[in-house]
Amino acid sequence: MLALQNMKVLDISQIMAGPYCTMVLGDLGAEVIKVEKANGGDDSRQMGPYVNGESSCFFQINRNKKSISLDLKDSRARDIFYRLASEADVIVENYRPGVTQSLEIDYETISRINPGIIYCSISGYGQTGPYRSKGGFDLVAQGMSGLMSMTGEPGRSPLKTGIAVYDIGGGITAVYSILAAYIHKQNTGEGQHIDIAISECGLPWFSWEAAAYFAEGRVPQPTGSRHRVSAPYQAIKAQDGYLMLGCANQRTWERLCRDVIEREDLLVDARFVTNSDRARNVEALEDILQDILSRQPIRHWLERCDEAGVPAGPINDFAQAMQDEHYLARDMVQEVEHPVIGTMKTIGFPSKFSRTPSQIRRPAPLFAEHTDEVLQDIGLTEAEILGLRSEGCIR
């Protein structure tokens, strides 16, 4: 059994935020029908690298979905969409605000057909506000929200994060919002519209930064690998490279000094007595630790930290991470058979359920692969489907 096996989702989103949301819902058991535009489908299908002509980008974020293609500008295709929407629990879209109204597939229209629908709109700036009509992308959101101003090294150019953190964050925000609305629907029968702005979804993550700004007016600056509050909580260079050292509280700091670097004198050094002291004097502390750790290789220090119970770890590249024995033991790398790509690896599930474990039930679909199957399920005959296809309403 899967946790969401009775949920039906229509996915009319593309690229990343919406598709990530619907992939997670599909992993949890929802039936996801991806409605793709007629001229090429989801834009991520045109993003390389390609394997046997199929986009591996699309593959990685669209498993556990069926694909159909409808030209939603055509009234006959819209009628098909309305029939699908009448039986759906959830619709996820990421058009620019106003487009769904022009296509007549907006929340107000669909809720008249299906009052219980949970309709989730994901956009750059949301459905209201002065920026609602602007296009929004992950990097623009990283800049606008202040994230890029605090990422990187002091005095250097602003840097983005290594991944599309706001696109994925928007998808995650949509997931938990949809699940909350789904519980509300189960309790009351009521559907609702959910408005997700990619430019907002990361703001609640700035907890420590908000603490400093709202309390003291202190604007966070870039700190490199250093933590903004705790020290030493950062990358330190050993003899053969860098490792992450995580002394985020007093106990781990004391263990580091006594059991790892054998420098108990640092515990009574007035510059380093409390976490606040260490944060204020982090440059001096970093110089001391750098001198000590540079005498031995990374493995030596990681073994000593493990023995002492001090959180520490390597700074892997992505290939090293995907080959890490711990991730492999916890099935965070899985293999999927695709009809065109063949055997391809993908990221596993970070949530481990004891009774309803997530599953990869199907690979990412070929473009419009399930159009006939889905339309037959809602009662269209083969002749009707052939006629619609010949007229360009469906693919």
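# Reading rings, pockets and a cavity

Q: How many aromatic pairs does the count come to in this structure?
A: The count comes to five aromatic pairs. The general rule is that rings of Phe, Tyr and Trp (its six-membered ring) pair if their centres lie within 6.5 Å; planes under 30 degrees apart count as stacked, over 60 as edge-to-face and the rest as tilted. One example is Tyr107 with Tyr119: the ring centres are 6.0 Å apart and the planes stand at 65 degrees, so this pair is edge-to-face. Tyr107 belongs to helix α5 (residues 107–113) and Tyr119 to strand β7 (residues 118–123), so the pair ties together parts that are 12 residues apart in sequence. Helices (H or I, at least four residues) and strands (E, at least two) are DSSP runs, numbered from the N terminus.

Q: What should I know about the model before going on?
A: This is a predicted model, where local features need pLDDT of at least 70 and side-chain atom pairs count only at pLDDT 80 or more, while totals for chains, interfaces and linings use all residues. Residues are numbered from 1 along each chain as its sequence is written, and side-chain values use heavy atoms, with hydrogens and water left out.

Q: Are Tyr107 and Tyr119 buried or exposed?
A: Buried means under 20% relative accessible area, exposed over 50%, and partly exposed in between (1.4 Å probe, protein chains only). Tyr107 and Tyr119 are both buried. Thr109, which also has its place in helix α5, is buried with a relative accessible area of 16%.

Q: Which residues is Thr109 in contact with, leaving aside its neighbours within four places in sequence?
A: Contact means heavy atoms within 4.5 Å. With those neighbours set aside, Thr109 is in contact with Tyr82 and Glu104.

Q: Which residue lies over the face of Phe58?
A: A charge sits over a ring if NZ of Lys or CZ of Arg is within 6 Å of the ring centre and within 35 degrees of the ring normal. Over the face of Phe58 lies Arg45, at 3.7 Å from the ring centre. Lys134 lies over the face of Tyr131, at 4.3 Å from the ring centre.

Q: How many cavities of 30 Å³ or more does a search of the whole structure find?
A: On a 1 Å grid over the protein atoms alone, a cavity is a set of points where a 1.4 Å probe fits but cannot get out, and a pocket is an open set with protein on both sides within 12 Å along at least five of seven lines; lining residues have an atom within 4 Å of a point. Grid points are joined across faces, edges and corners, and a volume is the space filled by probe spheres set on the points. Here the search finds one cavity of 30 Å³ or more. The largest cavity has a volume of about 40 Å³, and its lining includes Gly124, Phe137 and Ser199.

Q: Which residues lie nearest the centre of the largest pocket?
A: They are Tyr20, Met23, Gln60, Ile168 and Ile347, from a lining of 38 residues. The volume of the largest pocket is about 1200 Å³. Helix α7 gives the most to this lining, with six residues.

Q: What is the volume of the second largest pocket?
A: The second largest pocket holds about 810 Å³ of space. Its lining has 34 residues, with Gln14, Asp43, Asn94, Tyr95 and Arg96 nearest the centre. The largest share of that lining, three residues, comes from β2.
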